[in-house]
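This briefing turns to aromatic rings, their surroundings and the charges placed over them. Please keep the model at hand while reading.

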Amino acid sequence: MKGKKFFSILLSILMICSTFGGISVSAISSTDDDYVWINGIGARVTDTVTYTYYINSNYDWENFQGQLEYDKSGLQLESFSMPDIGKDGTDGIMINTDIEGYVYYAGSNISGYKTKYKDVRLCKATFKVLQHGTFTIKNSPEIVTGLNGEAIVDDFKISDDATTRETTKVTPNYVDLKVVSLPKKTIYIEGETFNSDGLNVEATDTNNNIVTINNYTLEGTDKLTLGNNTITVKCKELSATFDVTVYKDSGKIYFEKPDWEGNIYFAHIYENSVGMPFYYWMMKAEKLEEDADGKLYYDLNKLYYSKTLSDGLKPDTQYSIMFCDNINNETCPIMFNTDCIGDTISVVGNEKIIENSIDSKTLYYPATWTNNSKKYGIPLQITSVGTIQGEFIPKGTSPYDIINKWDKEYPDYPNKDSYSDQSTARSHKDRLAEIKVTFKKMINEGKILVAGGGVYSDKETDTTKPTVKKVAKVTVNKKSVVLVKGRTTTVKATVSPSNASNKKLKWTTSNSKVAVVNSQGKITAKGKGVATIKVMALDGSKKYATIKVTVKQPVTSVKLNRKSANLKVKGNAKQKTVTLKATVNPKNANNKAVKWTTSNTKIATVNSKGKVTAKKKGTCYITATAKDGSKKSAKCKIVVK
């Protein structure tokens with residue numbers, strides 16, 4: 001074949017098939033470890049194979065044509081290009097990929113871009129490995145130069161004026177994606193944007209190599225909503241998830257700088273009915289910050305990071321807060337609740353040294369407290385004549401109420417816990433009378449704020465204690481629950497008797513990695529395993545009930561080793577049947593079993609092991625469906641001839 005005459009043959013094929021450049025791509029997934037051989041190079045099912053064909057010549061090209069042939073039974077064409085031919089690798093080029101197993105290409109009148117083609121990439125193709133076996137990829141070109149129609153490659157044979165070479169490269173495919181370390185920030189306040197700093201993602205490829213993934217995408221980060229948010233990490237067809245939590249802004253509580261020697265300040269918070277610290281005293285999470293005006297404040301959103309107050313402050317619940325500096329100056333507790341958010345607390349007395357003459361123990365405390373809120377009371381501190389710590393003073397309380405309370409609840413007062421050099425010199429009755437006078441004097445001097453802003457009164461009020469009914473039993477409407485990861489259920493708790501004085505309950509979990517619970521009994525499944533949810537009465541009765549929570553890992557995807565298969569009714573045994581293999585993800589799913597079904601038993605049947613048998617000419621679909629109830633499935637198209 002001479003001159004440009006040869007070009008019309010292949011061009012006719014290209015025009016009849018009428019497809020130029022576009023390639024349909026479908027994904028195949030498998031985790032089989034057996035090797036596949038492509039042009040003598042080892043690979044695995046689902047790997048990507050890149051084939052490149054090079055030509056080196058000393059002549060300018062005019063026209064060319066050629067074909068790339070590949071084993072369609074084991075290879076799926078993903079892309080085809082001619083990167084070094086023509087202008088920008090596109091002008092004057094026609095490509096047809098419509099005929100399965102072949103790629104036809106041609107170029108005409110490219111002499112306008114004449115150059116001597118030195119080791120150029122005539123074509124480059126990528127394939128997905130579909131199944132096991134030995135397969136080949138072969139390129140056959142024919143090239144005519146601009147010098148009197150002289151052929152460099154004639155009848156698909158290389159002339160002495162040109163040399164060629166080809167390369168086959170295998171890129172392993174990923175079969176598993178995993179989040180190995182969470183972002184540094186997994187707790188957010190409403191309105192904050194997602195930050196992926198610290199997120200580390202790894203993938204396992206078909207060679208069982210573990211590689212760090214950076215080219216992943218994230219879904220679910222655009223708009224974080226209150227509560228748990230599931231973030232999905234995606235890379236190719238694989239995905240993994242993790243959760244972040246969004247809370248409402250809890251606000252701040254302010255602390256007026258005292259006349260102390262320290263320069264770093266801390267806040268310490270605990271729930272009065274529980275009496276446990278929220279974290280560890282003088283930790284980073286408890287450190288006070290300073291605003292632009294020099295005012296110290298504690299950001300109550302830090303509680304969401306704590307161990308015992310991770311749900312934040314609850315309405316209608318009394319808490320205590322203490323302050324200290326970095327050289328052992330420390331306050332006694334002050335009670336507060338959600339009504340006090342935004343208040344400023346200050347120390348109005350500064351008697352730091354309190355000596356006990358009995359054991360010569362010296363304590364360091366400020367004398368008294370006050371704050372700017374009229375919504376709550378404060379614990380009473382009278383360090384110059386004795387102390388009673390942690391008592392809540394309601395609004396409108398008079399000094400007589402406090403004295404009467406002491407008289408009834410502390411009959412041995414004064415004692416060794418009364419820090420006064422005269423604590424053993426007077427009788428109980430005389431001591432109370434002295435305290436009453438001193439108490440009034442300190443109020444008048446502004447050293448004690450009675451009743452958190454309440455009005456001082458000499459009128460004695462009724463301090464008779466009401467009858468207290470303890471909780472006798474706590475019951476729940478569910479003794480055990482089974483959840484799929486990510487799902488929720490709400491358990492209702494009932495306190496007996498119905499007229500118990502304090503019906504408040506506390507919900508806890510034995511394993512937050514398996515399940516968590518909020519203050520309303522809503523249980524959220526976090527990960528595979530078993531956890532115990534405990535709901536306990538807070539009236540001191542120690543009555544409680546438990547719920548066993550079993551969390552199962554559902555199937556997230558089912559994939560087949562083939563997307564389609566061709567069978568023959570009258571063929572041999574291998575032509576009549578094919579065995580499909582199903583891969584269930586994730587690997588730790590509780591139930592990996594699948595159910596095999598056919599869309600038409602007259603055309604093809606399938607047994608419980610995925611073996612498909614041809615029955616009659618036609619087309620049907622074989623489906624593998626997860627048996628765990630997740631409804632995940634995969635299909636394979638069966639064509640019987």
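Tyr-102 counts as partly exposed because its relative accessibility is 27%, where buried means under 20% relative accessible area, exposed over 50% and partly exposed in between (1.4 Å probe, protein chains only). Tyr-104, at 12% relative accessibility, counts as buried. The model is predicted, so local features need pLDDT of at least 70 and side-chain atom pairs count only at pLDDT 80 or more, while totals for chains, interfaces and linings use all residues. Residues are numbered from 1 along each chain as its sequence is written, and side-chain values use heavy atoms, with hydrogens and water left out.

**Aromatic pairs**

- Rings of Phe, Tyr and Trp (its six-membered ring) pair if their centres lie within 6.5 Å, with planes under 30 degrees apart counted as stacked, over 60 as edge-to-face and the rest as tilted; by this rule the count comes to seven aromatic pairs.
- Among them, Tyr-102 and Tyr-104 form a stacked pair, at 5.9 Å centre to centre and 10° between the planes.
- Phe-194 and Phe-242 form a tilted pair, with 6.3 Å centre to centre and 35° between the planes.

**The setting of Phe-194 and Phe-242**

- Phe-194 lies in the loop between strand 15 (187-189) and strand 16 (200-205) and Phe-242 in strand 20 (residues 238-247), so the pair ties together parts that are 48 residues apart in sequence; strands here are DSSP runs (E, at least two residues), numbered from the N terminus.
- Both Phe-194 and Phe-242 are buried, and together with Tyr-188 they form one aromatic cluster.

**Charges over rings**

- The charged end of Arg-165 sits over the ring of Tyr-54, 3.8 Å from its centre, the criterion being NZ of Lys or CZ of Arg within 6 Å of the ring centre and within 35 degrees of the ring normal.
- Lys-534 lies over the face of Tyr-544, at 4.3 Å from the ring centre.

Terms used
Helix = DSSP H or I, 4+ residues; strand = E, 2+ residues; numbered from the N terminus.
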